[in-house]
Protein chains: 2
Amino acid sequence: MSRSGRRPGATETRDAILQAARQEFNNRGYDAASIRGIASHAEIDPALVYHYFANKQALFVAALEFPADPGIELPRILGGDPQQLGERLVRTILTIWDREQISPVIALLRSAVANEQFAAMLRQFIATAILEPVLGSLTVDQPRLRGSLVASQLVGLAMARYVLRIPPLVDVPTEQLVSLVAPTIQRYLTGELTLS
Amino acid sequence: MSRSGRRPGATETRDAILQAARQEFNNRGYDAASIRGIASHAEIDPALVYHYFANKQALFVAALEFPADPGIELPRILGGDPQQLGERLVRTILTIWDREQISPVIALLRSAVANEQFAAMLRQFIATAILEPVLGSLTVDQPRLRGSLVASQLVGLAMARYVLRIPPLVDVPTEQLVSLVAPTIQRYLTGELTLS
DNA sequence: CGTTTAATTCAACAGCCGTTGAACATCGGA
DNA sequence: TCCGATGTTCAACGGCTGTTGAATTAAACG
């Protein structure tokens, strides 16, 4: 019964920890996810986590590591008719969210609610990775206001579909949801804003 | 130096606890808000909270106690031109949220993110207090799908303006925000849904 | 006035948390 | 083969949490 000490054979522990961390952060958020819980999911002692990562926050950042490379997706969104920019944007984002049951954005969203520091991270990500490139490609008035309206609908979609799980929305097929929400995004992006 | 024991004079402790609880639940959410923190805000010993409320969850429910009576607001929303239903709905909700810096809905929203039980409470509140009456007053196809789309935009608005505090949105005057978002809500409520 | 009831605090419980240091076992290179 | 680096566990730390029971003081009621 050798308990402690290194295990024979190759080691894949670091990845196991990251995987468990992604899962836990994704569906509990930063605060509610615990090192002990993550370690237990990875079938490992909690202290081992600290052998690979400096502390909880470093683990969170490592687990976030965005899988969708904006450099690849963005040109596909920005190219083409600006009048269908909203549709391409919504389709791309929903596809990414739906592809993996575990999404860094959802993890960050869940964490941002109780933690101002992560709220700032999420604001920054939304602004620089989505809004600035998309709106920079257009010539419209009030780009920042338009961007924040787009953000509100996208965040609402993520909350309703993945966090609150409001029933009809959870089951609507991706492409149908695209055609329902895209007009809203398109209006926020290029429509006339009535500032009564 | 009498420490323990009852204080002379009338007692308003229960209200002080509720007020502190509302504040803490509102801007931290259920899990992050602590009984000790609430008690300290109310300048009171933590154990005193348990003299008035059975436990943390009971305190949360008591602190929630909805201030906007749906029975009063709803007829004002439902009466009038159905083509401006979206505008009246958004205006009413934003007015309620803006009026008090402390809103039960925001508290519930913050709490629902990490706690499935509160997510269910929020779903139920959105459905029965907002969506059902509003959509019940219309004759449209796909009412549940329409309702969930409305919910997604409203939740997104609450998240962006009050939780994430996305800069432009925080400072846009209420009435201007109404005129920006109302067309979206109106389209979800009565517009043609293109189910491609 | 005496007694019961209500308000209040103190001290403690058990449980969880992030984190650390020491001990042990295996691997990889000299 | 020896030895340092790496992987792994155990046990503990201090701090925070929700909650409870006993003790103390004042109000309310007869």
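**Close-up views of a two-chain model**

**View 1. B:Q142 sits in the loop that links helix 8 (116-136) to helix 9 (143-163) in chain B.** Helices are DSSP runs of H or I with at least four residues, and strands are runs of E with at least two, numbered from the N terminus. The model is predicted: local features need pLDDT of at least 70, side-chain atom pairs count only at pLDDT 80 or more, and totals for chains, interfaces and linings use all residues. Residues are numbered from 1 along each chain as its sequence is written, while chains are lettered from A and ligands numbered from 1 in the order in which they are written. B:Q142 is not a glycine, yet its phi is positive, near 55 degrees. It is partly exposed, with 14 other C-beta atoms within 10 Å. Here buried means 20 or more other C-beta atoms within 10 Å of a residue's own, exposed means 12 or fewer, and partly exposed lies in between, with C-beta atoms placed from the backbone.

**View 2. A:E43 lies in the loop between helix 2 (35-41) and helix 3 (46-52) of chain A.** A:E43 is not a glycine either, and its phi is positive, about 55 degrees. The residue is exposed, with 9 other C-beta atoms within 10 Å.

**View 3. Helix 1 (residues 13-28) of chain A has 16 residues.** It reaches 22 Å from first C-alpha to last, close to the 22 Å expected at 1.5 Å a residue. The expected span is 1.5 Å times one less than the number of residues. Buried residues of helix 1 of chain A include A:I17, A:A20, A:A21 and A:F25. Their cover includes helix 2, helix 3, helix 4 (56-64) and helix 7 of chain A. A:G29 follows helix 1 of chain A, with a positive phi near 85 degrees.

**View 4. Helix 11 (residues 174-190) of chain B bends by about 40 degrees at B:V181.** The bend is the angle between axes fitted to the seven residues ending at a residue and the seven starting there. A proline, B:P183, follows within four residues. The buried residues of helix 11 of chain B pack against helix 9 and helix 11 of chain A, and against helix 6 (85-99) and helix 9 of chain B. Among those buried residues are B:L177, B:V181 and B:R187.

**View 5. A rotation of 180 degrees, with 0.0 Å of shift along its axis, superposes chain B on chain A (RMSD 0.1 Å).** The two copies are thus related as by a two-fold rotation axis. Superposition is by least squares on C-alpha atoms of residues with pLDDT of at least 70 in both copies. B:G156 comes closest to the axis of the residues of chain B, at 1.7 Å (C-alpha).

**View 6. 39 residues of chain B are in contact with 39 residues of chain A.** Contact means C-beta atoms, placed from the backbone, within 7 Å. Helix 9 of chain B gives the most to the side of chain B that touches chain A, with 13 residues. That side divides into 23 nonpolar, 10 polar and 6 charged residues. Ala, Val, Leu, Ile, Met, Phe, Trp, Tyr, Cys and Pro count as nonpolar, Asp, Glu, Lys and Arg as charged, and the others, Gly among them, as polar.

Key. Two residues are in contact if their C-beta atoms, placed from the backbone, lie within 7 Å.
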